[in-house]
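Student: I would like to go through some labels and the criteria behind them. Please show me the model.

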Amino acid sequence: MDVKQKYWNPVLETLPRGKIRQLQLNKFKQIFKWTYDHSKFHRQLYDQAGIKPEDIRSFKDIKQVPKVEKSMMRDIQRKDPFPYGDALCVPLEDVAVFRQTSGTTGQPVYQPDTWQDWEWWTECWSYILWAQGYRPQDRVFIPFGYNIFVAFWAGHYAAEKLGCEVVPGGVLDTKARILKIQELQATAMMATPTYVLGMAETAKSKMDLDASGLTIDKITCAGECGASIPSTKRRMEQAWGAKVYDHAGATEIGAWSFECTEQPGGMHVNEALFLVEIEDVETGEIIEEPGRRGKMIITALDRQAQPCVRFDSKDVIEWADEPCPCGRTARLIKGGVVGRADDITKVKGVLLAPSAIEEVVRDLDGLGDEYEVVVEKDGDTDRIKLRVEVLPEAENQCQLIEAELVDQLRLKTNLRYDIEICGCETLPRYEVKAKRFKDLRRKG
Ligand SMILES: [Zn+2]
């Protein structure tokens, strides 16, 4: 691979729009037929809807294909063959990799991949890393507890495929990881936004070390929205003196989108490998135009063992209206994944996305990175309690900070909050995905 080459795949990443759409349609027909022919579960679903492979001729026909929800996958996996159930499209002996979802609600879903699928995962991540400036001379540190979740595994293999040198920071604790980065002069890192901030905090408070003085110059985030929330991105970039890039992926889907080095305020959908549709949550209509939010329905166009065909991901996204200056022709989603359809909830009749609260908290100078939001019932009304941490140097400005918080939150979210300002390091810390939003009104 020529290191001066701008794109990982110069052909697919610059295809004219019409050709991308044609490619997507052709690939959809193929994966639909594959799925119909090999998965008992899907065949039943499609037969009930009266749709056969030869009925798919246009994007209009694709809209008629029934969606698959995560809850269906859980039911499927109670059937044979153990442990995956009847959506498995290949003989069991072809399965090379087991992963499971890390979701916080309900039973995990199991994900089988063949060796070919696993190479495809690696290819998906190669687009991401190349677009974010990873090159063979990079030494990539992965501070990640290698385990049953897919998380950064494919990122690891992709970095190797690009020719980078990969340092697996698996079982080390946070301090040891920071020391290893320092010792080896690592240049890049992959982690969740929560952990990127947590590592910098540990370096400062427990090691008297400034993470921005280390050699890391780029960080790839996953797992949470943070890297697309401007104030959180700014905090991470300042703490590490590095560029911070977002990417989105999921166990059942694959790594479907990424931010490029232009940081255009959104992420590219890898449209050569995925078909993304945005569905209006109220009407079910597919949204084609920019600026309207809806939930993502996604198809992985090449994944075979347990296909992902019109999967209802519950990620909330919207199309951006401008093309990206990087020259990639794949469309951008504005502001990344804005939230989860499950998390965007009505409080006092107003729609609230937790990411809007994060944007306000992390934009205020006297506050630490952590916060916690609790929504509960107080008689007939909803109350939102927001706990934040004040930094030691701002402890005498609590009243000012509280007033500013209330103002900004009302402006950005149209809601009133009970603010509790706590001391430094009193709120819970998280290593992987944080659970900062608690809705106690929900059953269970
Ligand atoms: Zn771009």
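Student: What makes Arg21 count as sitting over the ring of Phe59?

Tutor: A charge sits over a ring if NZ of Lys or CZ of Arg is within 6 Å of the ring centre and within 35 degrees of the ring normal. The charged end of Arg21 is 3.9 Å from the centre of the Phe59 ring and sits over it. Arg135 likewise lies over the face of Trp130, at 3.8 Å from the ring centre.

Student: What kind of model is this, and what is left out?

Tutor: The model is predicted, with local features requiring pLDDT of at least 70 and side-chain atom pairs pLDDT 80 or more, while totals for chains, interfaces and linings use all residues. Residues are numbered from 1 along each chain as its sequence is written, and side-chain values use heavy atoms, without hydrogens and water.

Student: How many aromatic pairs does the structure hold, and why is the pair of Trp8 and Trp130 called tilted?

Tutor: There are 14 aromatic pairs. Rings of Phe, Tyr and Trp (its six-membered ring) pair if their centres lie within 6.5 Å; planes under 30 degrees apart are stacked, over 60 edge-to-face, and the rest tilted. Trp8 and Trp130 have 5.8 Å between centres and 55° between planes, so the pair is tilted. Trp8 is in the segment before α1 (17-38) and Trp130 in helix α5 (residues 115-131), 122 residues apart. Both Trp8 and Trp130 are buried (under 20% relative accessible area; exposed is over 50%, partly exposed in between, with a 1.4 Å probe and protein chains only).

Student: Why is the pair of Phe32 and Tyr46 tilted?

Tutor: The planes of Phe32 and Tyr46 are at 35° and the centres 4.5 Å apart, so this pair is tilted. Both residues, Phe32 and Tyr46, are buried.

Student: How do you know which atoms coordinate the zinc ion?

Tutor: Donors are N, O and S atoms within 2.8 Å of the metal (3.2 Å for Na, K and Ca); water is not among the atoms, so sites may look incomplete. Cys260 (SG), His268 (NE2), Cys324 (SG) and Cys326 (SG) coordinate the zinc ion at 2.1 to 2.3 Å, so they count as donors.

Student: Why is the site of the zinc ion called tetrahedral?

Tutor: Four donors count as tetrahedral if all angles lie between 85 and 135 degrees. The angles at the zinc ion are 101 to 120°, so the site is tetrahedral.

Student: Why do His268 and Cys324 count as buried?

Tutor: His268 has a relative accessible area of 0% and Cys324 is at 8%, so Cys324 counts as buried, as does His268.

Methods
Four donors count as tetrahedral if all angles lie between 85 and 135 degrees; four count as square planar and six as octahedral if opposite donors are over 155 degrees apart and all others between 65 and 115; anything else is irregular. Helices (H or I, at least four residues) and strands (E, at least two) are DSSP runs, numbered from the N terminus.
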